[in-house]
Structure formats: structure tokens, C-alpha cells
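Hi,

Here is the structure I promised to send over. Have a look at it first, and then read my notes below.

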Amino acid sequence: MTSEPLFSERVVRSYELDSFGHVNNAVYLQYCEGARNDYLKQKGIRFSDFQRWNKGPFLYQAALNYKRPVFAEDILRIEGQIRFQRPTGFRIDHVMSRISDGKTVCSAALDFAFVDLATQKPCRVPPPFLEAFRPETQ
């Protein structure tokens, strides 16, 4: 089950560049994290909800595919889709593109498992989270 696409934008900052003058590869994971925060807000979920539910998503696998370099002051559009693949977790597929030319610069697949915050053991996706990201039926 796949949710509707969600969107986020990021401006590349000079401190995110490596010695070659383009965005350091590790920064793209931070862009994904920032986009995930935006997606949660778009769906009305706050980080305090995870504490209230006593359940939180933990990243256990990340695969990034770098396509082209990105430079300071480039503006990125990050599109994401949530896919529920199992009762205990989900995947976010991100596609990052440069707004100026629309070209994809990076794609990423991040796999998350929900865990009980007290026991740190896997648990089912909380119903409010599942509802927030469930695809709308036509």
C-alpha cells in the first residue's frame, strides 16, 4: 500500500559542501530526515505523538543512489512516498531533484521499523500513523 506523494524543499548551504565543492554524500541522508519531518507535519503528526503512543520509527536500512552533484544555493525538491510493506514498518522512497532544471540528483529508499519505546522491541505500526499515510481511495 502506497501513500500519495509528499513534498519538501531544501536550500543547499555552503557548510554542507565537501572539499570538491558539491554536497557531501552523507548530507543527503539529512535531507531525507528533514523531508520526513515535513511529511509528518503535512499529515498532522508531531514527534510528541510517538512519545504518547510509546512507539517510534527507527531507521534500519538506507539505500541512496547519487545521480548528479548539487552545489551551494541549489534548491532541491524532495518528493516522498510512504509504502507499508509489513505490519511493523514502512519504507519512504525519496526522489530529490534540482528545482532549476528538474533533474533528479538523488533517490533514496529508507526502511523503518516501529519499536516499543520502553522495550525497544518491534511492534505494529500505530493506527493513527497508518491512517495518516493510507492512500485515499477513489
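This is a predicted model: local features need pLDDT of at least 70, side-chain atom pairs count only at pLDDT 80 or more; totals for chains, interfaces and linings use all residues.

Let me start with a loop: N54 sits between α2 (47-53) and β2 (55-66). Helices here are DSSP runs of H or I with at least four residues, strands are runs of E with at least two, and both are numbered from the N terminus. N54 has a positive phi of about 60°, although it is not a glycine. Its relative accessible area is 30%, so N54 is partly exposed; buried means under 20%, exposed means over 50%, and partly exposed is in between, with a 1.4 Å probe and protein chains only.

Residues are numbered from 1 along each chain as its sequence is written, and side-chain values use heavy atoms, with hydrogens and water left out.

Back to N54. Where does N54 make contact once its neighbours within four places in sequence are left aside? The partners are V115, D116, L117 and A118, with contact meaning heavy atoms within 4.5 Å. N54 and D116 are 62 residues apart along the chain, yet their C-alpha atoms are separated by 6.0 Å.

E73 also has a positive phi without being a glycine, in this case about 75°. This residue lies in the loop between β2 and β3 (75-86). With a relative accessible area of 67%, E73 is exposed.

Now the overall picture. The protein has three helices and five strands, and along the sequence they follow the pattern β-α-α-β-β-β-β-α. The radius of gyration is 16 Å, close to the 14 Å that the globule rule gives for 138 residues, so the protein is as compact as a globular protein of that length. For that comparison, the radius is taken over C-alpha atoms, and the rule is 2.2 Å times the number of residues to the power 0.38. Along its principal axes, the C-alpha trace spans about 45 × 40 × 25 Å.

Of the 138 residues, 38% count as buried. Among contacts with a separation of 6 or more, 69% are between residues 24 or more positions apart. The accessible surface comes to about 7,800 Å², and 50% of it belongs to carbon and sulfur atoms; areas come from the Shrake-Rupley method with a 1.4 Å probe, and for residues only the protein chains shown count as cover. As for charges, there are 19 positive and 16 negative side chains, and the centres of the two sets lie 5 Å apart. Lys and Arg count as positive and Asp and Glu as negative, with His and the chain ends not counted; each charge is placed at NZ of Lys, CZ of Arg, CG of Asp or CD of Glu.

Is S8 buried or exposed? At 5% relative accessibility, S8 counts as buried. Its side chain is joined to that of D38 by a polar contact of 2.5 Å. A polar contact is a pair of N or O atoms within 3.5 Å; within protein, one must be able to donate a hydrogen and the other to accept it, and residues adjacent in sequence count only if both atoms are side-chain atoms. Beyond four places in sequence, the contacts of S8 are A35, D38, Y39, L76, R77 and I78.

Helix α1 (residues 27-42) holds R36, and L40 lies in helix α1 too. R36 counts as buried at 9% relative accessibility, and L40 is buried with a relative accessible area of 3%. Not counting residues up to four places away, R36 touches F47, P57, I92 and F112. With the same exclusion, L40 touches I45, F47, F50, F129 and F133. L40 and F129 are 89 residues apart in sequence and 9.1 Å apart in space, C-alpha to C-alpha.

Residues up to four places away aside, R86 touches Y60, D111 and F112. A polar atom of the R86 side chain lies 3.4 Å from the backbone oxygen of F112.

Cheers
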